[in-house]
Amino acid sequence: MSQELYDAPNSFIQNANIDKATYEAMQTAALLEPDVFWAQQAERLTWFKPWTQVFTGDFSTGEINWFTGGELNVAYNCIDRHLAQCAQKTAVIWEAENGEQKTFTYQMLYDEVCAAAAMLRSLTVKKGDRVIIYLPMIPQLMFTVLACARIGAVHSVVFAGFSAESLHLRIKDCTPKLIITADGGYRRGQQFAVKKQVDQALDAINIAHVLVVKRTGQEIFWQSGRDLWWHEQKDNVDLNLGIHAEIMSAEDPLFILYTSGSTGKPKGILHTTAGYLLGAHISFYYIMDYKPTDIYWCTADIGWITGHTYLVYGPLSHGATTLLFEGVPNYPDPGRFWQIIDKYQVSVFYSAPTVIRMLMREGDEWVKKYQRLSLRLLGTVGEPINPEAWRWYYDVIGEKRCPIVDTWWQTETGSIMISPLPSCWPQKPGSATRPFFGAKPVLLDEAGQLLTGEATGYLCLAQAWPSMLRGVYGDKTAFYQLYLSKFPHYYLTGDKARRDKEGDYWIIGRSDDVMNVAGHRIGSAEVENALVAYPLITEAAVVCVPDPIKGEAIYAFATLQKDVTPTAQSAKEACEWVAMEIGKFAQPSYIQWTNALPKTRSGKIMRRLLRKIAAGEYTDLGDISTLADPAVVELLISESKSVYKSK
């Protein structure tokens, strides 16, 4: 892997929220005196009642409690407390797919959230009730999330692209009091059905009310008595019902977020109030280097944890201006993101490597049509970014003047755990570098032995942190069994990682993405990075298939640059390139050229599906409802009939 170093500009370092000495002092305190450290950090929030004990519990039981006895409200911390100073500051900018825009000041956001809270209370939703929110990226999505937090209801946002079956499973699992949805949404200039999915998901399930936002005006099925229009309820509700912010205990549930799991029953990751908010609050401040003048844009959908933490709760807890975008990166053309950055003078931009690679494939000309002079910090999230895409992001998008925070974290961790702090140390393309405050990463071998120095192993966390999950909803034993039982006294992340000689961390991928080829343990990310470094390839995913001699052989799916014709010669050269970059042992045995990879709507490649196709198992592909484009499956199967085999 590349070890070149990229220093942040002096202008960034001099104005950053933290320097190296301060980081080292804070991280030392967070690890050695966590109660003292987290008590100090918690003072950044507004409490109705102080806590009596900072932390109790340990990984041996899975009983975790932070800020016992403390009382606060998340929505109050995100809105009410800013009104005295920032009532007229822009809180949310909404950019619709068609370019329509709306801005909401903190006063306007307060009014909208209180109105939504009043509607929920008028429909008998109370503290502890679950509310499923199945909405496209429209302002009401943010209003309802915050309204639930305001009244103490537990929100569970389901991405509006999920199938009716996926929604059905989530409804059955958390038994919501209410569902909030829309008649439809817009994607690539076309309407898509939203409420229709809810109607199908509710088959054989009785629910008191479905609250419907009118977004497209399309015809929808209407069940009298159950279905209610948002605008009609808002016009007729007593708005005073929403003013009171419920007093919440620190460990009261805040939200359930289901992991998109490719197989089996989805897991409802449960996050609670104080610890989650604190993790979101301080990580946003230091890692996104928040300044009050920033226009901040996280491109994630609120249906994912990134949207929860770094589009809603992290920014708003600081009184920041956060951008909410309804569309997709390449509609109406591949310059859309850069056009929006210029339009609103976005200064901090946080997106996914899969988006960066997709736009990189479209060429530099789409970027260079726009100035992007407002940008000062770039970020990536969701998966490791390959060095080639990192350099393009740095060189072309940021014009070598914007540091990149390549962040590692999970739905379960609640907030960022490992990330560069560019004002404290150089960035390494492809490396998440060092732990954030309170994170104590370790590497373990298969036997659970601690690995020291340069090493590759299971990435685990050795110390509890405030924003960590508190459990799996409805399953008291799952938290311990899934995360704490394999290696006693450690939290198992499920990822493999490498630590280099400087102590920086490189995420290899999920532990089940490690291949064993002729006795060599090879991370899929290593081979993928090498393939993408080959000049003609823009994106790649590798899996293993059984091999009678090697045990496992590497099967690569690769996407070529636009207008490049796939040939056996280019496949041969790509295999040789990998051999040169890593070693002959890592050379793919098979390359399948493809125009698209199977990705979930959060941008993650569904390797489970690729393994099936590589093995020729086409009849039992499992649930593909989480794919952004299910049609990719048939394409991959048809392409598999002409696969290059290396000698």
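The model is predicted, with local features requiring pLDDT of at least 70, side-chain atom pairs counting only at pLDDT 80 or more, and totals for chains, interfaces and linings using all residues. Residues are numbered from 1 along each chain as its sequence is written, and side-chain values use heavy atoms, without hydrogens and water.

**Helix α6 with helix α7**
- Helix α6 (residues 106-122) packs against helix α7 (residues 139-151) at an angle of about 65 degrees, their axes lying 8 Å apart.
- That angle makes α6 roughly perpendicular to α7 (65 to 115 degrees).
- Contact (heavy atoms within 4.5 Å) involves residues including Leu109, Tyr110 and Glu112 in α6 and Phe143, Leu146 and Arg150 in α7.
- By class, the contact of α6 with α7 holds twelve nonpolar, no polar and three charged residues; Ala, Val, Leu, Ile, Met, Phe, Trp, Tyr, Cys and Pro count as nonpolar, Asp, Glu, Lys and Arg as charged, and the others, Gly among them, as polar.

**Helix α14 with helix α16**
- Helix α14 (residues 353-361) and helix α16 (residues 387-397) cross at roughly 70 degrees, and their axes come within 10 Å.
- Ile356, Arg357, Leu359 and Met360 in α14 meet Glu388, Ala389, Trp392 and Tyr393 in α16.

- In strand β4 (residues 90-95), five of the six residues are buried (under 20% relative accessible area, 1.4 Å probe, protein chains only).
- β4 pairs (at least two DSSP bridges) with strand β5 (residues 101-105) in the antiparallel sense over five bridges.
- With strand β17 (residues 321-325), β4 pairs in the parallel sense over four bridges.
- Glu95 has Gln101 as its bridge partner in β5 and stands opposite Phe325 in β17.

Note on methods:
Axes fitted to C-alpha atoms, helices over the stretch in contact; angles between N-to-C directions. Parallel < 35°, antiparallel > 145°, perpendicular 65-115°, else oblique. Buried < 20%, exposed > 50% of the residue type's maximum accessible area, 1.4 Å probe, protein only.
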